[in-house]
Amino acid sequence: MRLSEASESYGAHLARVRRLSPATVRAYRADLRSLEGAAGDSDVADIDLEALRDWLWRLTEGGASRATLARRTASVRGFFAWACEEGIARADPSLRLVAPK
């Protein structure tokens, strides 16, 4: 499944199942669109730890704050945990992704 399609499904899951606020769902979707901008609309199973690290590095170089980086890292961790549960991804590359402190 492509990242764009999976992120839309994840957003629906957050709204319906987890019952998160619309603002929170929008923030998660924006974070995943940012990843899509860096990694392209790849197949979710093809995104690896290096792609995630590269994405965070680009955000850092672009001036993103530590709080923004931490939130985006949390968004991606939640997304990949869900993707693994749904069988969309075989492995979770975000498990070893370190958020800035």
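Helix α2 covers residues 22–39, and at 1.5 Å a residue its 18 residues should span 26 Å; the end C-alpha atoms lie 25 Å apart, which agrees. The expected span is 1.5 Å times one less than the number of residues. Helices are DSSP runs (H or I, at least four residues), numbered from the N terminus. This is a predicted model, in which local features need pLDDT of at least 70, side-chain atom pairs count only at pLDDT 80 or more, and totals for chains, interfaces and linings use all residues. Residues are numbered from 1 along each chain as its sequence is written, and side-chain values use heavy atoms, with hydrogens and water left out.

**Helix α2**
- Val25, Tyr28, Asp31, Leu32, Ser34 and Leu35 of α2 are buried (under 20% relative accessible area, with exposed over 50% and partly exposed in between; 1.4 Å probe, protein chains only).
- The cover over these residues includes α1 (3–16), α3 (49–61) and α4 (66–85).
- Gly40 follows α2 and has a positive phi, near 80°.

**Helix α1**
- The 14 residues of α1 should span 20 Å at 1.5 Å a residue, and the end C-alpha atoms are 20 Å apart, which agrees.
- Leu3, Ala6, Ser7, Tyr10, Gly11, His13 and Leu14 are the buried residues of α1.
- Seen down the axis of α1, the buried residues fall within an arc of 160° (taken from the directions from the helix axis to the C-beta atoms), so they line one face of the helix.
- Both α2 and α4 are among what covers the buried residues of α1.

**Ala51**
- Ala51 belongs to helix α3.
- Ala51 counts as partly exposed because its relative accessibility is 24%.
- Ala51 and Ala64 are 13 residues apart along the chain, and their C-alpha atoms are separated by 17 Å.

Notes. Helices (H or I, at least four residues) and strands (E, at least two) are DSSP runs, numbered from the N terminus. Contact means heavy atoms within 4.5 Å.
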